[in-house]
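The exercises below concern the structure shown next. Try each task before reading its solution.

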Amino acid sequence: MKKTIVALLLAALTAAPALAQTATDAQRKAQAEREAEERLHTDWAWLGRYRDADAAVRGPVSVVFIGDSITQGWYDMMPAFFVAGRLGRGIGGQTTPQMLLRFRQDVVDLHPAAVQIMGGTNDIAGNTGPLTPEQTKANIMSMADLARANGIRVILASIPPAARFPWRPGLETTNKIAAMNAWLKDYAARTGATYADYWSALHDGAALRAALTYDGVHPNKGGYAVMAPVADAAIRAALAGPVGHRP
């Protein structure tokens, strides 16, 4: 009997830290969801996210990376890639209309030589409501127009591969991603922009290569290591060329 009681006590003590961690994770998730819901009503594009960082920028900026969680994760996981003059301005979960609303503050007003625009994953997912491909294209064209009008060279990033979106089970993704990437590549060619083809570097069939992701959508450190040479080449090409033009 004593052995049984001791075993139960030991099991309880062993389980306690794990249960506490689970509770903490749940609390953090709930808090983040509350904050996100409040922001939808008070700062839909989350202009406050980088306002102070933008104001603190000093010196020349070579390139700004604007995008969603894939861009944010790049800075969070691989900060060494963002050497002096490279700025990360990604926000998890964002769609292209949100990016467009903050484009002047987070890109144009920083006077970079170039901008990489990576968006569309969350448009397909419908994170801020239904968006047609034409609406996504219009938002990307508007960002490119703003950049060119201010002497900023444009890099259009492909949407990385994803066979599914874990937060949108059952949604068809691969054909939509392929169609948007085909348009991005064509639009870049027609406007003198640079196309950064991350999809080809990351894919395994229609999916993101398993070794390069932690959830099938977002790259891990290995994924970003594969993306870095593509970005470096795109930046060199963009900075070596003219600003570009409207089609």
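**Exercise 1: Neighbours in the sheet**

Ala-114 stands opposite Arg-153 in E4. The model is predicted, so local features need pLDDT of at least 70 and side-chain atom pairs count only at pLDDT 80 or more, while totals for chains, interfaces and linings use all residues. Residues are numbered from 1 along each chain as its sequence is written, and side-chain values use heavy atoms, with hydrogens and water left out.

Task: Which order do the five strands of the open sheet have?

Solution. 

Step 1. Two strands pair if DSSP finds at least two bridges between them.

Step 2. Go through the pairs. E1 and E2 are parallel, with five bridges, and Leu-87 in E2 is the bridge partner of Val-64. E1 and E3 are also parallel, over five bridges; here Val-64 has Val-115 as its partner in E3, and Val-63 stands opposite Ala-114.

Step 3. Four bridges hold the parallel pair E3 and E4. E4 and E5 run parallel and are joined by three bridges, with Ala-157 opposite Ala-196 in E5.

Step 4. Write down the order: E2-E1-E3-E4-E5, with parallel pairing. Strand E2 (86-90) and strand E5 (194-196) are the edge strands, as each pairs on one side only. From one strand to the next, the twist averages 20°.

**Exercise 2: Two strands inside the sheet**

Task: Are the residues of E3 buried or exposed?

Solution. 

Step 1. Use the cut-offs: buried means under 20% relative accessible area, exposed over 50%, and partly exposed in between (1.4 Å probe, protein chains only).

Step 2. Sort E3 by direction. Ala-114, Gln-116 and Met-118 point one way, Val-115 and Ile-117 point the other way, and all are buried.

Step 3. Draw the conclusion: five of the five residues of E3 are buried, so E3 is largely enclosed by the rest of the structure.

**Exercise 3: The nonpolar cores**

Solution. 

Step 1. Define the core: a set of buried Ala, Val, Leu, Ile, Met, Phe, Trp, Tyr and Cys residues joined through side-chain atoms within 4.5 Å.

Step 2. Describe the largest one. This core has 31 residues, and Phe-103, Val-115, Ile-117 and Leu-156 have the most contacts inside it. At least two residues each come from strand E1 (63-67), strand E3 (114-118), helix H6 (121-125), helix H7 (133-149), strand E4 (153-157) and H8.

Step 3. Name the element: H8 gives the most, with six residues.

Step 4. Keep the other core apart. A second, separate core has 24 residues, including Phe-65, Ala-157, Leu-208 and Met-227.

Step 5. Leaving aside neighbours within four places in sequence, Phe-103 is in contact with residues including Ile-66, Val-115, Ile-117 and Met-143.

**Exercise 4: Two helices**

Task: At roughly what angle do the axes of H3 and H10 cross?

Solution. 

Step 1. Recall how such a pair is described: by the angle between the axes and the distance between the axes. Axes are lines fitted to C-alpha atoms, for helices over the stretch in contact, and angles run from 0 to 180 degrees between N-to-C directions.

Step 2. Read the values. The axes of H3 and helix H10 (residues 221-240) come within 11 Å and cross at roughly 100°.

Step 3. Classify the angle: under 35 degrees counts as roughly parallel, over 145 as roughly antiparallel, 65 to 115 as roughly perpendicular and the rest as oblique. H3 and H10 are therefore roughly perpendicular to each other.

Step 4. List the residues that meet. Ser-69, Ile-70, Gly-73, Trp-74 and Met-77 in H3 meet Lys-221, Tyr-224, Met-227, Ala-228 and Ala-231 in H10.

**Exercise 5: A buried methionine**

Task: Which helix holds Met-99?

Solution. 

Step 1. Met-99 is in helix H4 (residues 96-101).

Step 2. Met-99 counts as buried, at 0% relative accessibility.

Step 3. The C-alpha atoms of Met-99 and Ala-45 are separated by 6.9 Å, although these residues are 54 residues apart along the chain.

Definitions and conventions
Contact = heavy atoms within 4.5 Å.
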